[in-house]
Amino acid sequence: MGLKSNIRVPWMAGVLAIMTPVGLGSAQEVSDAVETANPPLQPPRLLESPPPRYPEEHVGEGLHPTVVLQVTLNRLGGVEGAEVEHGAEVRHQADPAFNEAAVAAVRRWKFAPATRDGVAIASRIRVAVHFSLPGFDLIPTLPEVQGTGQPWVTESSHLRDSLEMGEPAHVHTGKDEGHPHWLHHTFGARAQVEADALREPHRAAGDVVVGREVLAAAPRREGAEVLSSAPGVFMARGEGDAVGHRIMLRGFDAEHGQDLELKVGGLPINLPSHIHGQGYADLGLVIGEVVDELQVKEGVYDPIQGDFAVAGSVNMKLGVADRGHGWRLKSGVGSFGATRQFALWAPPDESEETFGAVQYQRTDGFGRRRRGQSASGIVQAGFGEGAWRYRLLGMVYGARADLAGVVRRDDVAAGSVGFYDAYDFSTAQQQNGSTSRVMAGFMGEYRGPDGDSGDFGVWLSRDDFRLQENFTGFVQRSQTLDDVAGRGDLIEQLNATTTLGLWGRYQTLDYHLDSWFVGALEFGMSGRMDVVEQAQNLIDATTRSQTWDRRVDAGIRATDIGFWTEAVVSIHSRLDVRGGLRADALSFAVEDRLGNFVPTVRPDDAFIEGFRRSAAGLAWGPRFSTAYLLGDGVRMMAAYGEGYRSPQARTLEDGEDAPFTKVRSSDVGLRWEPERAFGRDKALELNASLYWTHVSDDVAFEAREGRLERLGASRRMGATLFARANPWEGVVGAVSVTYVDASLLEPPPATPDNPTPAFEKGQNLPLVPPLVVRADVGAHQTLWSKHPGVGPTDGETPFDVLDGHVGTGFSFLSSRPLPYGAFADPVSLLDLSAGLDWGPFHLTLEVFNVLNARYAAVEYNFASNWDPSAVPTRTPARHIAAGAPRTWMAVLEVSL
Amino acid sequence: MWRFFLLVVGLVGCVNVGVERVQVDLELQGTEFSGAVEGRNGAQVTVTRAEVAFGPLYLCAGAQAGELCKSSLLEWRNSHVVDALSDRVVEAGRLVGRTGTARSWMFDFGITSLLTQKDALLSDAAKSLGGVSAVLEGTAEVAGVTVPFSAEVRVEQSASAEQGLPVVRKSTNDVFEHDVKDRDRLQVQFNASAWLTQVDFESLLQDGTCTAGGATLLCDEQLELTCVGGVVDSQRDCTALGLFCQRDVGCVDQVGFGEGSQGYAAVRSAMEAGTRPDFVWNP
């Protein structure tokens with residue numbers, strides 16, 4: 001908000017809410033009451049707490065009032081009512097503006113209901129909403145809530161949804177006059193609620209934060225698929241469950257992450273100079289249940305965005321808002337022998353960011369060579385008091401999967417191989433992948449009492465990757481052994497990356513040059529060192545995987561040190577301008593152990609193989625963004641930024657000024673998030689943006705080597721629409737439409753194979769889908785209640801209420817050009833889920849690809865020869881890796 | 001919203017990828033000769049039968065076909081027996097591929113080397129010719145003697161380092177460049193007579209001398225001499241028999257170029273690396 005996140009109300013920084021017992025005495029009395037009554041009650045817990053809007057008329061007056069509210073919650077945790085118990089005073093006068101803002105904010109909050117004997121019940125709590133500028137202020141003393149004698153704050157309030165439950169303070173045994181008869185219980189609790197994000201999440205109109213409610217709306221095959229709810233994203237696993245998804249984002253075929261900076265819990269996922277593709281990222285470690293929101297930056301306008309932020313950046317924020325009783329166990333079985341086991345530990349009395357989760361899943365696969373299994377675990381702990389808050393995060397992941405590889409479409413049409421099959425040859429039947437990764441990070445956030453802020457992180461990662469994959473069948477000949485050829489193009493790729501990284505950032509206090517002009521400065525750095533060992537070989541599947549050719553054997557040391565600074569200015573609380581500069585110094589040391597190897601023709605070389613070299617370079621570029629408040633929740637936004645992608649280290653020559661891929665990106669658009677829509681607060685969000693991106697050096701997949709090769713400069717122009725709505729209670733939906741015109745600006749590099757590649761001005765980039773559509777819709781509703789029309793009553797059991805939920809996800813990927821003049825078929829996928837919630841039991845049926853569309857998860861066009869006994873073909877042909885047919889999974893969840 | 005959707009769908013339909021998939025008609029043609037061509041040592045060679053197995057054919061964008069042509073521009077993977085003495089144009093099929101500039105070609109004479117196995121693959125065309133690439137028959141007039149000949153030649157990849165590659169490729173001297181468009185027609189014209197110009201027919205007629213330890217069958221003009229222990233044991237007149245005398249073979253009705261003979265090697269070499277077919281593009 002304000003300088004940090006909100007254009008409309010630049011001064012409003014956050015809210016402090018403290019839930020206290022209504023009409024209670026001292027804390028000691030609270031304790032006594034609990035011991036006396038010993039009720040098996042659990043107070044409500046805060047799930048979401050969007051901050052209030054700072055009244056515009058008071059902007060610049062430096063006010064920090066507190067409004068105390070009595071809030072009535074229904075048995076679903078919804079806010080039924082909010083009454084001002086102690087209003088704000090401005091200059092010793094009651095001021096309704098703050099009161100209204102506080103009530104409006106609290107009405108948008110969401111709670112897990114109070115429970116008694118595990119049964120949700122209605123309740124009433126006291127909430128204090130504190131306004132401060134421009135961040136959360138520390139409360140220096142422990143003032144007393146008027147008339148209660150209860151200290152209502154004990155620590156700083158900047159923690160995200162870290163509701164710290166107090167002891168149940170008081171239990172009424174009779175009806176509470178003036179409230180519905182079912183309102184039996186009031187609770188005391190103190191809450192620490194979300195501060196604004198430390199940094200503005202919306203730099204450009206294309207930036208989106210996709211919240212938990214949207215992420216949970218549609219069924220997902222696996223956790224990583226939450227990413228598909230980001231506008232313009234289509235993702236698919238074309239290379240088995242142990243190889244990262246292929247991701248398309250806003251006109252970029254980001255392959256496995258080359259054009260998309262991915263973070264999970266703030267930890268970078270992309271791996272530089274990976275053998276399988278620059279910026280390789282495998283999101284298999286993600287557990288969907290613990291992804292709290294997607295923070296999507298489309299384009300590169302924020303100086304914090306680093307390597308691989310070409311199309312944009314996505315961070316999966318981790319947290320568990322719905323903490324229930326602390327444990328959630330899930331077990332799912334589905335078609336093709338699929339199973340998934342999941343356990344979550346999220347102690348109710350800890351903050352949202354503290355949890356531990358583990359999952360195991362396996363499948364026999366929907367066709368030949370598609371069996372796989374994986375396991376992952378994520379542990380995160382948030383702790384700390386006062387201005388500093390810390391987070392420890394650990395993630396571990398392992399997977400092994402068979403791989404069907406690609407099949408030629410003409411072979412499928414001829415019936416020589418099935419759409420979901422793999423070729424019969426050993427070289428195809430031994431395709432598989434395995435991977436493992438462990439990551440750990442220690443992060444801290446600082447929110448100074450005067451509005452300055454900062455954060456830091458230190459992290460460590462180890463990734464191992466091995467892949468056996470054959471794209472081209474039988475076209476390779478050994479470059480190492482004389483007269484050895486045609487043993488099958490089973491490429492073995494090995495990669496091990498060990499990374500140590502860190503980052504730090506600090507934003508100064510706001511400098512008030514005048515009442516209408518406020519500015520601040522931000523400084524930051526990030527650094528990482530990657531130690532990479534990699535190899536690529538050809539192996540003979542018929543003879544115990546003998547190696548029959550060596551293509552890569554290298555060690556890489558890559559260091560990336562980035563610095564940035566940014567000035568943040570707010571003028572008249574309507575115009576926010578950000579401008580900064582980021583520079584990254586990258587250095588590489590390469591030990592190419594096959595360097596100077598001369599294939600077969602000169603067997604008696606007078607030197608020892610190997611080519612050691614080093615290179616370095618500096619990538620820098622400006623980042624600007626501006627937003628202007630037009631009216632109620634409508635902002636016009638424009639941004640320009642320059643980012644980079646680091647080179648694959650092995651391509652560098654000694655002393656070369658490392659040639660970075662430069663991306664220039666701009667974006668203009670409108671963002672509309674009215675305070676109220678459909679009769680409820682913050683129930684609508686609309687984003688519309690036009691964007692332009694220039695990439696100096698695009699790359700595309702090269703099947704013969706199974707990796708990325710240079711393509712040339714490119715330009716993308718397009719538009720994105722994103723809408724999120726909560727039109728009815730219990731119904732949430734989001735839809736995004738992304739169109740792009742992606743063109744090559746120069747002919748692709750000449751090769752001996754093709755010295756003058758075909759090129760026409762305006763020629764479209766291969767593999768980029770012009771149109772991507774995604775929709776997520778979810779709804780839940782009480783289906784049956786033993787006491788319809790009223791809330792739960794005494795003696796009610798958890799099984800007296802039956803709730804239902806449905807969800808759907810729809811993805812559309814338009815036909816897209818492939819290399820050599822071919823086109824891939826469009827893809828339309830519809831997923832559905834429906835479930836029942838009965839007490840602690842939750843039963844869900846998920847059906848994926850409901851229409852049983854036969855589609856290609858990935859599609860290529862290249863030359864191959866998959867019929868080794870026939871006249872070889874040499875012209876490019878369409879190849880597909882089949883996507884899954886209709887599958888289902890039944891999931892039983894128990895909350896303990 | 002609906003109008004926007006239609007607009008977007010319309011825009012999606014305007015994708016330009018620079019190249020297009022094309023099909024090119026392939027026509028095969030021989031060269032009809034009414035007379036003879038001059039061969040080695042003044043031999044007048046008249047070809048009366050020239051059936052050639054042709055295919056597969058690959059056209060490449062690079063200037064050099066072969067290993068550097070990992071991805072061809074156009075290909076025709078079938079085979080066809082060409083009557084190389086007929087100038088009748090035969091439609092053999094279609095090359096399939098994409099637009100672009102074709103700069104080189106490579107093909108086989110019906111016998112294709114595979115990367116995956118030692119034995120070459122016989123095409124249907126080669127099979128119909130008895131497992132060879134070409135069957136050539138005719139006569140050569142040498143020193144007043146008419147020498148009927150026949151040759152069944154296998155032209156196949158023999159270099160182990162080039163296993164899996166077509167055996168006949170455009171040389172750097174050949175002129176070949178064409179911007180391929182859909183429905184182009186490519187005519188491949190063969191001149192079989194030229195493949196025989198390096199055959200040394202005269203050597204087939206060389207006289208021999210009867211010596212101990214020497215050949216047992218010798219020619220003296222058109223007399224066939226049988227040598228036993230260095231002495232002529234018997235003789236017969238080949239001409240009188242309607243035959244002619246071939247060195248070291250004796251009276252034969254025609255010369256058969258066996259594998260290892262100069263004639264066989266000369267024809268094979270000519271087919272593989274000598275006179276190339278003409279590639280003619282027609283719109």
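Begin by selecting residues 134-195 of chain A, where the pLDDT of this predicted model stays under 50. For this stretch the model has 183 contacts beyond four places in sequence. Where pLDDT is low, the predicted coordinates should not be read in detail.

Next, display the whole of chain A: its mean pLDDT is 83, and 84% of its residues reach 70 or more. Then select residues 1-39 of chain A, over which the pLDDT is below 50, although the model gives this stretch 142 contacts beyond near neighbours in sequence.

Now show both chains together and select the contact between them, to which chain A gives 37 residues and chain B gives 38 residues. On the side of chain A that touches chain B there are 19 nonpolar, eleven polar and seven charged residues.

Along its principal axes, the C-alpha trace of chain B spans about 105 × 40 × 30 Å. Of the 283 residues of chain B, 43% count as buried.

Finally, select helix 3 of chain B, residues 262-273. Its end C-alpha atoms are 16 Å apart, which agrees with the 16 Å that twelve residues should span at 1.5 Å a residue. Which residues of helix 3 of chain B are buried? They are G263(B), A266(B), V267(B), R268(B), A270(B) and M271(B).

Conventions. Residues numbered from 1 in each chain as written. Chains lettered and ligands numbered in written order. Predicted model: local features only at pLDDT ≥ 70, side-chain atom pairs only at ≥ 80, totals over all residues. Contact = placed C-beta atoms within 7 Å. Nonpolar A, V, L, I, M, F, W, Y, C, P; charged D, E, K, R; others polar. pLDDT = per-residue confidence, 0-100. Helix = DSSP H or I, 4+ residues; strand = E, 2+ residues; numbered from the N terminus. Expected span 1.5 Å × (residues − 1). Buried ≥ 20, exposed ≤ 12 C-beta atoms within 10 Å, placed from the backbone.
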